[in-house]
Every structure is written in C-alpha cells, then in structure tokens.
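Hi everyone, thanks for coming. I'd like to walk you through a model today, so let's bring it up on the screen.

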Amino acid sequence: MNSFLTAFFAGTSQGAIYALVSLGLVLVWRGAGVVNFAQMGQAMFTTYIASQLIQNEYSYWSAFVIALISGAILGAIVDLGIMRPLSSRKNSQLLNSQSMRTTIPVIASLGILGVLKSVAGILWAGEERGFPAPVPTTGLRLGNTDLAITGFDLFVIGVVFLALVLTTIFFTRTGMGLAMRASALNPEVTRLSGIRVGSVRTLSWAISGTASSLAGLLVTPKTNLSPNTLDLLLIVGFTAAVVGGLTSLAVQFWVDLFWAM
Amino acid sequence: MLKVSNLVTEFASIKALNDISFQAKPGRITTVIGANGAGKSTLLRTISGLERPTSGSITWFDEELTDKSVEAIVRSGVAQVPEGHAVISQLSVAENIELGGLFRKRQARGDLEIATKEVYELFPILFERRREPAGSLSGGERQMLAISRALVARPKLLLLDEPSLGLAPLISAQIISIVDELCKSTGLTVLLVEQNANTALAVADHGILLALGKVVADLPAKELIADSALRAAYLGY
C-alpha cells in the first residue's frame, strides 16, 4: 500500500509538471499556431539563470521570481524577434505557401532550441549541475509514521495547482483572457473588434515562457540541470498535449496526470 | 463622409476592385449591390483594412484610412460585420458582445455598460440567451449578435456585409429594418452590401451597382430600383 501511495504522489507531482509543459505548448499552439520545440530550451536557459543567481548567493525565491520573469521575456523575444518577422515576410512565394507558413516556425523553433543549448553550453560549460529545492525532498513524517509523500512533491502539486487556478481565472474572468481566447479561435473577428491580435499573440508566448520556466524550476531538483536535461520533459509533455487534442487546458491537465501515473 | 477614390485591390494581379470611386453620406444608408464576384465583399474588406489596396485612397471625414491597420480603423469608429454571421461560436453570447467593446474598456467602462444594455434592448433574445454559446444560436440570432458586437464599439460607420445571407426573408427584413432605425435615431452611417437588392435599396439613400470590380451605376436608391434595364443587365432580373 505504501509503495502504491509513494508512486501515486510522485506520479501526481510529475504529472503536474507535465501539465505545465503542456499548458505552455497549448498556449502557443492555440495563440500562434506554432508547435514550439524550443519551449524546454527556454526553460533550461532560465533555470540556468536561476542556478547562476543562487550560486551568486541570491536567495532561492529571488532567483525563482527572476527565472519566471526571464521566461516571459524570452518567450516575448522569440515571438517579436523571430516568429513575427518570419510570418510577415511577403516577398517570397515559397514563404507565402500555406504549408511553408506552418512549417517554417516549427523549423525556426528547432533552430532556437539548438542556439539556446549552445549558448548555455558556452556560458555554463554544459556540465550537469544540481539545482536546489526550496523544501526537503525526503519523505514527510506525521508523528511516528512515514508518509508516502515528500515535502517537495507537495510543494510541486501546490504550486502547479495555484498556477492552473490563476491561469483559469485569467482566461475566464479578465478582458485580456477573453481577447486571448478570441484571437486563438477567430483572429479575423477579433481584429475587427479592435483587438491588437499581434500583441495578444506575444502575450501568449510570454505566458507560455513563464509556464515552461516554472516547469524547469520544479523538475530540476530531481533530475539535475544540463543543456539536455529537459528534452524528455518536452517529449512527454508534447505527447500528452497531442493526446489531449492541444485544446482545452482542463482536458490537458487530466491527460497529463493520467500519463504520469 | 466616407470617400473612396480610385481604389484598386488586386489578388495575384487580378483586379478585384478596379478604380472604384464613390462617396457615402453621413447618417445615411448607402447600399452596394452586384452579382456574385462583383467585388462587393472585397470593397468592404478593403475599407476595414482586411485587404490592402494596390492604389487609391479611403478617407473617413478628414482621416486617411488607406494604410491603417484593421485595429486602428476600428478604433477610428469604423466597424465591420463580415459576411456569414461572424461570431465566435465557442464563446458565449455575452462574451462575443463584450469582445466588441473590449478595446474601450479602460477609457469608457461606463459607456460600455450602457452600450451593452442598448444592444440587449435592441435584440432581447440575445439577453435571454446571453450565457449560451454563440454556436447554439439560429442564423438570425447569430447575425443579431454579430451586429451587436460591432455596435458596442460605438462606431460612426458600420460596414454590413450581406446581413440577409442564409436568413428567412422575414428575419432579414427585420434586421435591415433595425439597421434603418438605428441609422435614423443615432446618425450612424451604414455601407450595406447586399445581393437582395430590393430589400436593401428600399431603406437606402443611395445605391451603387458593382460589376466585375467596377462601379457601373452610382444613383439615388429610388432611381436604381426603378432602372429595370440596369437590373436586367447586371443582376439578371
């Protein structure tokens, strides 16, 4: 029974991280029509930033917040600096064909992944390093009884739950959330409603970058950090996102949990 | 006043609009009629910025719209209701309406609430069904919703693309009559594109007949209705 519960809680914690990865993928897919293979490269990069800050004796929490902000900025830079100029090139017949319009951003995202890995390798020597957890990773105890859940698993589940609640409130209760849903569903009607769809799209990239950055911060205390650490996370998160249909965030969450179990 | 001068819009070197010029008087309905492929929808899409003209100019009073983005044109007071009851099916009725005024939310929150109340008074069925997904509405209700989405933006110029398409005659007459009432009561300028020429010209001040991307008649609506030779030549009845 105890091993079942241990596997259950560890699986829930892992599934919660996959849910964050899928959230990032779905946001960019729905918002910009791009499968962003660079997503976990962005997460790896911002986790390195957090790791560097912690090494420089910043507190875990300031490094945590700076990594999340860096994730948002990096996401916005990818859209503004690379994806938007690519999609607005109109002087090439090849680039204007529908198939190339959908393929080129995907290829570009693979290129960005390569660049991020190389830059991380140059800046941080590419070696595997540990990343701290803010709470103990050992099993919790209640009186004399060993519980099947670690403090870190509980932390991960709590943080992801909070992130998903905030995301849901943002999408269902705010004007910007409505604009994001509308521009993903019907960009033309949204533009005709006076909404700047380009800016909304950049915001999708930024939120996606933050979600992936959070996933990186939460997974690396268990896996360590290297330029290639998070590749597997993308594969699992992407597979779960595809199984969930790359649509509803709620469906996505349950698919991810089931997947991790 | 809307002034369109020497407008040319091309798709792969085919001129969908070929040197179009006309004016639409403020506070009146100007109807654009023509057969399929005449360029009616392209004209509205070019005015609203969805298509970029090759040459020519579009001005709304003193404001040049020609090179503006769609979003900037909407913010200048020009709203388009595209062909095909353009609503977002997955969003609720209330969310579709809210979307139309979202860009004014910071500056005119109070007026936005009034505008929303007004469209619900104009189309009470939408208030009854405000929590339901727009996809569950009938064709006529979807058209009412599309018009409401445009109206909460408080436009000065409304571009209506075939509002009667796919609707029962009674419903389409009801919608056109509501637009007519709006025009008279609020001073809204309307550019109405229709295939159903008789219904549309009946409420219009002025009529423009398009054929193969060119203006072939630009007359007061009553004269255009009465000109059976023009109708037979270009509309086939």
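This is a predicted model: local features need pLDDT of at least 70, side-chain atom pairs count only at pLDDT 80 or more; totals for chains, interfaces and linings use all residues.

Let's begin in chain A, with helix α7, residues 175–185, and helix α9, residues 197–223. At what angle do the axes of these two helices cross? They cross at roughly 105°, and the axes come within 10 Å. That makes α7(A) roughly perpendicular to α9(A). On the α7(A) side you'll find A:A179, A:M180 and A:S183, and they meet A:V197, A:V200, A:R201, A:L203 and A:S204 in α9(A). Sorted by class, this helix contact has five nonpolar residues, two polar ones and one charged.

Now, how do the two chains meet? Chain B puts 21 residues into the contact and chain A puts in 15. On the chain B side, α2 (70–75) and α3 (93–101) each supply at least two residues. That side of chain B has 11 nonpolar, four polar and six charged residues.

Last stop, the domains of chain B. The assignment gives domain 1 as 1–77 + 159–237, and domain 2 as 87–154. Their C-alpha centres are 24 Å apart. Where they touch, domain 1 of chain B provides eight residues and domain 2 of chain B provides seven. Which elements give two or more residues to the domain 1 side? Those are α2 and α7 (169–186) of chain B, and α7(B) gives the most, with three residues. By class, that domain 1 side has six nonpolar residues, one polar and one charged.

Thanks, and I'm happy to take questions.

How values were computed: Residues are numbered from 1 along each chain as its sequence is written. Chains are lettered from A and ligands numbered from 1 in the order in which they are written. Axes are lines fitted to C-alpha atoms, for helices over the stretch in contact, and angles run from 0 to 180 degrees between N-to-C directions. Helices (H or I, at least four residues) and strands (E, at least two) are DSSP runs, numbered from the N terminus. Angles under 35 degrees count as roughly parallel, over 145 as roughly antiparallel, 65 to 115 as roughly perpendicular and the rest as oblique. Two residues are in contact if their C-beta atoms, placed from the backbone, lie within 7 Å. Ala, Val, Leu, Ile, Met, Phe, Trp, Tyr, Cys and Pro count as nonpolar, Asp, Glu, Lys and Arg as charged, and the others, Gly among them, as polar. Domain bounds come from an automatic or database domain assignment.
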